[in-house]
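Dear colleague,

Please find below the structure that I am handing over to you.

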Amino acid sequence: MPNRYYYKLEGQTPIPVESFMEWSLWMMSASTTVMLNELKDSIISTRFVGIDLNPGSNSLSQPMIFETLVMGGAMDGKRNFYPTWEEAIEGHLKICTQVFKLSNV
């Protein structure tokens, strides 16, 4: 029975895995970067983490297994979480726009 907290990607689709060990082995050889941008003094990174970053969620909610993180600049430390590859890309681009606007003030 798949574990609700650990996932791997098949293409761009998250798939639950059986165990922490299966997740760990997959992560060692996986490419997890969804998008990466550098804007002036900020780096915006969105990646697949494969662990539900909202483990207190109920069984009806989607696992948050993608993360965008801003490093540097006015939004340093900003983090957003997403359940799908598509939402991660959309969220990444929104944060890039916000960082760009703040860095051009």
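The chain holds 2 helices and 6 strands, where helices (H or I, at least four residues) and strands (E, at least two) are DSSP runs numbered from the N terminus. Read from the N terminus, these elements follow the order β-β-α-β-β-β-β-α. Please note that this is a predicted model, in which local features need pLDDT of at least 70 and side-chain atom pairs count only at pLDDT 80 or more, while totals for chains, interfaces and linings use all residues. Residues are numbered from 1 along each chain as its sequence is written, and side-chain values use heavy atoms, with hydrogens and water left out.

Along the principal axes, the C-alpha atoms fill a box of roughly 50 × 30 × 20 Å. Of the 105 residues in the chain, 35% are buried; buried means under 20% relative accessible area, exposed over 50%, and partly exposed in between (1.4 Å probe, protein chains only). Among the contacts with a separation of 6 or more, 42% are between residues 24 or more positions apart, a contact being heavy atoms within 4.5 Å.

I turn now to the aromatic residues. A search of the whole structure gives 6 aromatic pairs. Rings of Phe, Tyr and Trp (its six-membered ring) pair if their centres lie within 6.5 Å; planes under 30 degrees apart count as stacked, over 60 as edge-to-face and the rest as tilted.

One of these pairs is Phe20 with Trp23: the ring centres are 5.5 Å apart and the planes stand at 40 degrees, so the pair is tilted. Both residues belong to helix H1 (residues 20-29), and because they are 3 residues apart there, about one helical turn separates them. Phe20 is partly exposed, its relative accessible area being 47%, whereas Trp23 counts as buried at 12%.

How are the rings of Phe66 and Trp85 arranged? Their centres lie 6.1 Å apart and their planes are at 90 degrees, so this pair is edge-to-face. The pair links distant parts of the chain, since Phe66 is in strand E5 (residues 66-71) and Trp85 is in helix H2 (residues 85-103), 19 residues apart. Phe66 and Trp85 are both buried. Together with Trp26 and Phe48, Phe66 and Trp85 form one aromatic cluster.

With kind regards
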